[in-house]
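Work through the exercises below with the model open. Each task is followed by a stepwise solution.

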Amino acid sequence: MNAQKAPLPHPLRVLVKGSSLVVMTPDWNGAPGEYTFPRWIQNGLLDRGRPCEVVNRGVAGEPTRDAFDAWESEVMAGCPDAVVYGYAYYECIHALLPHWLERHVNTYNGRTGPLRTRYRGYLLRPLWKLLAQTQRILDGRIADRGFGRRAHRITSDYELLITRTRTLAPGSPQVFVLALFGPGGNAGSWFPGMQARIDTMNRALEAMVARIDDPGVRLVPVQLLAEQLEDGADPVPDGLHYSPPMRRLIGDWIAAEIDAALPAADGFA
């Protein structure tokens with residue numbers, strides 16, 4: 001008779017959803033091992049002896065309102081113990097250009113072909129460049145003018161997303177909400193009004209988390225974490241996305257918070 005096998009520890013399950021903050025890096029073709037920060041959540045939990053499954057369902061350019069589209073299949077069906085949301089950032093980038101056009105121009109799943117290649121090379125890209133340059137001229141004047149109303153709509157969707165996750169998803173997952181960085185590198189010159197919109201949005205996110213008033217909902221303090229970087233290091237060297245050290249800091253901070261919030265003695269490992 002075979003000896004009974006020892007049971008394996010139960011893994012924590014972590015789901016990450018958001019826009020390009022959670023799926024893109026500024027160092028294209030970077031060094032091996034320089035992952036997006038969700039991988040560093042996984043590494044941080046494993047370093048703490050916590051078996052885990054970390055799933056990243058981010059989509060570049062995804063606005064907050066689209067987070068509901070796959071919520072049932074990803075959050076309810078997936079039964080995560082913790083969910084990390086990285087929304088409300090994409091909406092701060094462009095002051096004028098519509099979401100559908102930006103995604104059409106900068107798609108990552110487009111195909112080539114005689115007509116497609118000519119369309120993109122001779123019509124779409126030149127038109128986008130002209131529109132982007134026009135926006136660049138006007139953006140500084142627009143800044144966050146009227147953005148407060150938009151921020152209110154965004155955070156209303158965000159708050160519903162979070163409360164639905166806490167109250168309807170099995171097991172009431174812990175929720176982590178990314179605070180936002182302003183544009184670094186050359187992005188500030190292309191989006192001169194973006195910093196004002198980011199400031200408005202960060203205030204709205206802080207107020208949202210305070211209003212929810214739930215110990216299971218945490219704002220990830222990216223600005224405080226950035227203070228641990230070497231002097232002069234830009235946390236977003238391409239202007240928008242996290243540097244390798246910043247990704248490690250964010251991932252390890254979230255891993256530590258999950259480890260503390262979900263002790264192994266409660267049956268998670």
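The exercises cover a sheet, a helix beside it, a helix pair and a histidine.

This is a predicted model, in which local features need pLDDT of at least 70, side-chain atom pairs count only at pLDDT 80 or more, and totals for chains, interfaces and linings use all residues. Residues are numbered from 1 along each chain as its sequence is written, and side-chain values use heavy atoms, without hydrogens and water.

**Exercise 1.** Give the strand order of the sheet and explain what is left open at its edges.

Step 1. Take helices (H or I, at least four residues) and strands (E, at least two) as DSSP runs numbered from the N terminus, and count two strands as paired if DSSP finds at least two bridges between them.
Step 2. The 5 strands then run β2-β1-β3-β4-β5 in an open sheet with parallel pairing.
Step 3. β2 (52–56) and β5 are the edge strands; each has a single partner, so one side of each lacks a neighbour in the sheet.
Step 4. From one strand to the next the twist averages 20°.
Step 5. Between β1 and β3 there are 5 bridges in the parallel sense; Val-84 in β3 is the bridge partner of Val-16.

**Exercise 2.** How do α5 and α7 cross?

Step 1. The axes of α5 (residues 147–168) and α7 come within 10 Å and cross at roughly 35°.
Step 2. On the α5 side, the residues that meet α7 include Ala-151, Ile-154 and Tyr-158; those on α7 include Met-201, Ala-204 and Met-208.

**Exercise 3.** Is His-94 buried or exposed?

Step 1. His-94 is in the loop between β3 and α3 (99–105).
Step 2. Its relative accessibility is 10%, so His-94 counts as buried.
Step 3. Its side chain makes a polar contact of 3.2 Å with that of Gln-135 (N or O atoms within 3.5 Å, one able to donate a hydrogen and the other to accept it; residues adjacent in sequence count only if both atoms are side-chain atoms).
Step 4. Beyond four places in sequence, the contacts of His-94 include Trp-128, Phe-191 and Arg-197.

Methods:
Axes are lines fitted to C-alpha atoms, for helices over the stretch in contact, and angles run from 0 to 180 degrees between N-to-C directions. Buried means under 20% relative accessible area, exposed over 50%, partly exposed in between (1.4 Å probe, protein chains only). Contact means heavy atoms within 4.5 Å.
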